[in-house]
Amino acid sequence: MAEEFSTDGMLDIYLFENEQLLEQLQESVLSQKDADCFDEDSINEIFRTMHTIKGSSGIMMFDNITAVSHKLEDIFYYLREAHPDNVPHLDLVDHVLRVADFISNEMDKIRDGNSADGDSSDIIKDLDKFLDMIKNGGTEGEEEAKEVPENVHEEPKHFYIAPVATSASHFYKIYISFSSKTEMVNVHAYKVVYALKEIAEDLLYSPEDILTDETAADKIMDEGFRILLQAQASEEEIRNIIGVGYDIESVDVYECAATEFLQGFDFGEQNAQIDLISSVESIEKKAQAEGGDKEEKKPEKPQMAPGDFVIKSKEPGKHKKLAKDKAKANKETFISVNVSKMDQLMDLIGELVISESVVLQNPDLKVPGLNLTNFNKAATQLSKISTDLQNVIMSMRMVPLTNLFQKMNRTVFDMSRKLGKDIEFEMVGEHTEVDKNISEHISDPLMHLVRNAVDHGIETNEERKESGKADKGKVTLSAKTEAGKVWISVSDNGKGLERDKILAKAKKQGILDDSKPESAYTDKEVYQFITLPGFSTNEQVTEYSGRGVGMDVVTQNIQAIGGTLEIDSTPGFGSTMNLKIPLTLAIIDGIVMEIGSSSFVMETGVIKQFVSVREDMMVHEPNGDEYIMLRGECLPVLRLGEWYGLKEYQKSVEDGMMLILEVEGKKVSLFVDKLIGKQEIVVKPIPSYVKKVKGLSGCTQLGDGSIALILDPVGLVE
């Protein structure tokens, strides 16, 4: 029956759900990579993950993914049932990650519209070899020392122990009928089970194997789908979770006693359903047939599908409980939304902000004598709603850095294995949230910084031993939110940056200023040399470094989203790379200013103060450079009108305004004609046909309909 159905409509759900499963799998595996073995919960979790991916991939007819996930499932089935003591843990971790990489690569092909045609034969062969090895007591070809299942595909005998019920627990027997027009009813049945697991203390269903059993769909369509549920929920709540729609025709929910619940799927006469459809003769025949069978029928024992629920081993004096027994909390409801729709919604709120400015700054409102009391009240309410709407939509786009940090964890693990370095990876503040676009932009730069920390920063085990350092190197990835910015740092306890070596390389490449002695360069200025194109202190080209590319691209990518990179290092003790990036790229608070007939916008975060100056405060150098003395500090002056070659701008500093900007520890005084005011700015990219100009990062539309250019503080300060 399944072959008749089209799976096109399920593809997005398949990719989304399996991507989430693979992320959880990788997180679980990497969290225990340094342990001696996987604990029971992790074995159960990996088994369930592979079981689910195998089933859904089988339905979607991705045979190579089904085969490789089934083989890994076999290994964890054996680990769960036989409990061998001779399992090489790191080798097992490698096998799991290799399978996860293969499935992820195949899913990328599917997502791009290509066929999932990867060859999994080598992986399956290695998994078979690994399984034989652990079954043979750590050697190949020997007799099995332990009495274990001869065939790992054979279903184990389950001795079911129901979770202990509390006074708040209720027992339900549920019968679901699906519409005759519903396609792939087994998948719809699985969706019901998946939804009920959120509230279930105990959950059993029949048919058991609804994903991989080809006959399950026919059985559900003919006989209905039966569920036994133990939960602290009311009948109404259960009905709301299951729902009735185009796929489900009817839902019957019966509350029963615990003794009836334990009888299994024999729903009995007490809760018999009234058949209003069949003829009287059919009902009588059915009743006679059931009466003859009742004496021979024994109460059916509850069955449990492998991978659905695994009972933890019972400790003395304690009740059995489910391996994934979670504390009861307020249930949250989630819905998956296509990112393109979120982007469209963000664009619309941007247009709304612009339209709001056009309305509130309309020249018609400046006519003398108008009574605008009611208008101002309505405008205030509109502004409040608009701001709240922005905040909600922004929060919808915010994603935690957890997945990104886990990718870095995987990178450190793989590199440390290949380079033979013993490295510990620590994550701090991984739940910090940023805009999804920001997260995507910083993925590659962060990857490069982490690779540099492992390859350049951390010494070999022998070098660390000779220098008297701890045996393990350490890479720490941390994140925090502060003043509307996200701070992400990559630090290591390695050898640090060598100032003399960097200076020598810079001198060789002609980067140093001949008029400036080497001693005049601060450490931070020297360390910034490594971000220049083609700069590398590695003498040998390796798989990971030495080509002189990477750090300059890192800097460019970070600056492209309005971020900055700061480098700190202590020779012999390690280095820290600090990223400072905005929370979002869409809407910012800015100061609107005018120079001649042109309008510009500067983000408020980099402006430290506004200063009106007198001519006697200015210092003029013979080469044309200007400085201003402010509270004993000499700051360079940048006249924006001269910088961009504008016409009709103010020449006298006493007729304009100075903006003191601070970026990456550097300060500069920006001279403009006048300030217009503070405004929420919707950032728009500069069209591609316009030549890139230093000091500009985008453009926006003001309330009067005119276009203002958004200034890039990094480009102005450099």
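1. Helices (H or I, at least four residues) and strands (E, at least two) are DSSP runs, numbered from the N terminus. This is a predicted model, in which local features need pLDDT of at least 70 and side-chain atom pairs count only at pLDDT 80 or more, while totals for chains, interfaces and linings use all residues. Residues are numbered from 1 along each chain as its sequence is written, and side-chain values use heavy atoms, with hydrogens and water left out.

2. Ala200 lies in strand β2 (residues 200-206). With 13% relative accessibility, Ala200 counts as buried (under 20% relative accessible area, 1.4 Å probe, protein chains only; exposed is over 50%, partly exposed in between). Apart from neighbours within four places in sequence, Ala200 is in contact (heavy atoms within 4.5 Å) with Leu229, Gln230 and Ala231. The C-alpha atoms of Ala200 and Ser169 are separated by 9.9 Å, the two residues being 31 residues apart along the chain.

3. Ser599 belongs to strand β13 (residues 598-603) and, at 14% relative accessibility, counts as buried. Neighbours within four places in sequence aside, the contacts of Ser599 include Met593, Glu594, Leu702 and Ile707.

4. The axes of helix α4 (residues 89-111) and helix α5 (residues 121-135) come within 11 Å and cross at roughly 155 degrees. Axes here are lines fitted to C-alpha atoms, for helices over the stretch in contact, with angles from 0 to 180 degrees between N-to-C directions. The two helices α4 and α5 are therefore roughly antiparallel (over 145 degrees). Among the residues making the contact are His95 and Phe102 of α4 and Asp126 and Phe130 of α5.

Terms used:
Parallel < 35°, antiparallel > 145°, perpendicular 65-115°, else oblique.
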